[in-house]
Amino acid sequence: MADNTSPDLPLAAVDMGSNSFRLEIGQLQRGRYRRTEYLKDMVRLGAGLDDQRLLTEEAVQRGLDCLRRFSSRLVGFAPAQVRAVATQTLREARNRDAFLLRAQEALGHTIEVISGREEARLIYAGVAQLQPADEPRLVVDIGGRSTELILGRGRTPVTAESFAVGCVSLSLRFFADGRMTADAFRGARVAAGAELEEALEPFAPRHWQQALGSSGTAGAVSQILAAAGVSDGRITTAGLAWLEQRCVAAGHVERLDLPGLKPERRAVIPGGLAILQTLAENFGIETLWPAKGALRQGVIVDLHERLTALKRTRPTDMRDASVRELQRRFGVDQKQARRVATVAQALFDGVMPAADAESRRELGWACDLHEIGLMVSHHDHHRHSAYLLAHVDAPGFSQSQQRRIGQLVLGQRGGLRKIEDALTSEALTWQVMCLRLAVIKCHARADVDADALQLRERGRDATLAYDAAWARAHPRTAYLLEEEAQSWARSGPRKLLLPR
C-alpha cells in the first residue's frame, strides 16, 4: 500500500487570498524546493465583502468556480498531501462558516482559516526556503485586505505582524470609481500610515539590512518598473514616484496603459502603490527587492515539516512548541495535564483505533491546555480556556484548528448542549467523551491507573467498563461517572453505558 503521508511525495498548497486564489504543487527533496505546477485565478473575494462584512453570492460563486477547477487538478492527492489556507477576507467575513462548507465540498479538501501572524510566519517560511540568506531581513507582503511585515534571520522569523490594510480594501476606499488623483493618493497614504503606525518601532531600519517584497503587489510593481526601464526590477522611491505620476496622468484605471501591467491587476494598483509609498517613506525602505518565495511555498514547507515529524517515534512540530509556551504563559499544572492526556488517549484508542494522527494530536493538545482558563478564574474555567484557545496567537495552528480544540476544551465539563453543533462530528464526539472521562478520573489530581477504565463502541452507544472493586475503592469517581452517564443520556448524540 502506498504511503500517502510521505514528505517526499508531491505536496499541494491552496492559497485563498483576498484578491487571488493560487494552487501550487511542489516537492522538497534533500532540502531543495521544486515547483511542478502553478495555477492562479483572480477571484477578487475581498471585493465581494459588503458593508455588513458578508460575502456576496457573486463573490462566493467566483470562489467556488475556482476551487472546482483546482479540485480537478488534485485528483489522486490524499488529504495529507494537501493544505488549503484562507486569509484576511475569511478572517473578517461573518458568513465564513457557510462559505467554508460549500468551499470544502467544491475543493474536496479541508480549508483552514489562518490568523494574520500565522500567515506572516508562513510567508517568511516560503521566502527563507526559496531565497535563503543569513543577514537580518524585512519581508513585506501586501495582499488584498492585509499587509504582513516580518523580521527574520536565516530561517527564523523574529517578529511577525499582520495589518488590516491591503491593495483591494484601500483601492475600494479611495479609488472606488477608478479615478486616480493626487489627493486620492495622499488620502490613501494617510490611511495606510495610520494602520501601520504601530509598526514603526519594531520594524525600524536598524533591525534589518535588506527589504524584500513578496507576492502580488510587490511583484506587479516590480514587473512594471522593469518593463518600463525605470529600474532593473527593484522597487525604489524614485520608481514609486514615477508610477504615481503615470497613474495621476492617466486619471482612471481603465486608461492606465503600462508595460508589464496585467489587465486584472489595474483596479488594485493604486491601493497597492499607496501602501508601498507609505512603507518606503515611513520605514526608510530605499530599495525593496522582489522576493522569490510567498505564502503558498511556505505552506508546502510547513506541510513537509509536519509529515516529516510524523515519521519520528514521537512526532513534534511547531505546534508542540506553541503548546509548551502556552502552558508556561498560563501557569498550567503540567503533571495534571499529562495525567489527563494519558487517560484520554488510552480511552480514545479503545474507540477509534484507526483514527488519523492529527485527531489524536488534537486530543492531546486539548488535554495539555484544558486548564489554561484557570489563570483567569476558577469559576467556569473551561469557558475561559475555550475562549483563549480560539483567540490566542499560537504559531503553527490555524484559526480553524484552534476553534476545534477550543470546542473540545469547552466540552470538558458541564452540559453538552453548548457544543451540540460540534457533536455532529463522530471523531469530535469521541474526543469530547474521552476528555470528559479523563478529567473525571483525574479529578483528585493524583497519580492514576490509565487502564482502570476501558471505553468501547457498541452500536450507537458507548460502554465504559471498570471493575466493581475499583469502583468501591473510588466512590467519588464512580459517583461522577454516574452523573456523566446522565449528561449523555439527556443531550448527547450517543449514550454512555456503565457496568450494572
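Trainee: Which helix holds both Asp183 and Arg186?

Mentor: This is a predicted model: local features need pLDDT of at least 70, side-chain atom pairs count only at pLDDT 80 or more, and totals for chains, interfaces and linings use all residues. Residues are numbered from 1 along each chain as its sequence is written, and side-chain values use heavy atoms, with hydrogens and water left out. Helices (H or I, at least four residues) and strands (E, at least two) are DSSP runs, numbered from the N terminus. Asp183 and Arg186 are 3 residues apart, about one turn, and both lie in helix 6.

Trainee: At what N to O distance do the side chains of Asp183 and Arg186 meet?

Mentor: A salt bridge puts a side-chain nitrogen of Lys or Arg within 4 Å of a carboxyl oxygen of Asp or Glu. The side chains of Asp183 and Arg186 form one, with an N to O distance of 2.1 Å.

Trainee: Does Asp183 count as buried or exposed?

Mentor: Buried means under 20% relative accessible area, exposed over 50%, and partly exposed in between (1.4 Å probe, protein chains only). Asp183 reaches 52%, so Asp183 counts as exposed.

Trainee: How many residues apart are Arg117 and Asp393?

Mentor: The salt bridge count comes to 36. One of them joins Arg117 and Asp393 at 2.8 Å, N to O. The pair links distant parts of the chain, with Arg117 in helix 4 and Asp393 in the loop between helix 14 (381-391) and helix 15 (399-410), a separation of 276 residues.

Trainee: What relative accessibility does Asp393 have?

Mentor: Arg117 has 38%, so Arg117 counts as partly exposed. Asp393 also counts as partly exposed, because its relative accessibility is 32%.

Trainee: Which residue takes a positive phi in the hairpin of strand 2 and strand 3?

Mentor: Two strands pair if DSSP finds at least two bridges between them. Strand 2 (residues 21-29) and strand 3 (residues 32-41) run antiparallel and share 9 bridges, with Leu28 partnered by Tyr33 in strand 3. The hairpin has 2 residues between the strands, and a positive phi near 50° is taken by Arg30.

Trainee: Which helix gives the largest share of the lining of the largest cavity?

Mentor: On a 1 Å grid over the protein atoms alone, a cavity is a set of points where a 1.4 Å probe fits but cannot get out, and lining residues have an atom within 4 Å of a point. The largest share, 3 residues, comes from helix 7.

Trainee: How many nonpolar residues line the second largest cavity?

Mentor: This cavity has a volume of about 70 Å³, and its lining includes Val140, Ile235 and Glu286. Ala, Val, Leu, Ile, Met, Phe, Trp, Tyr, Cys and Pro count as nonpolar, Asp, Glu, Lys and Arg as charged, and the others, Gly among them, as polar. The lining has 2 polar residues, 1 charged residue and, for the nonpolar class, 8.

Terms used:
1 Å grid on protein atoms, 1.4 Å probe; cavity = no way out; pocket = protein on both sides within 12 Å on 5 of 7 lines; lining within 4 Å. Points joined across faces, edges and corners; volume = space filled by probe spheres on them.
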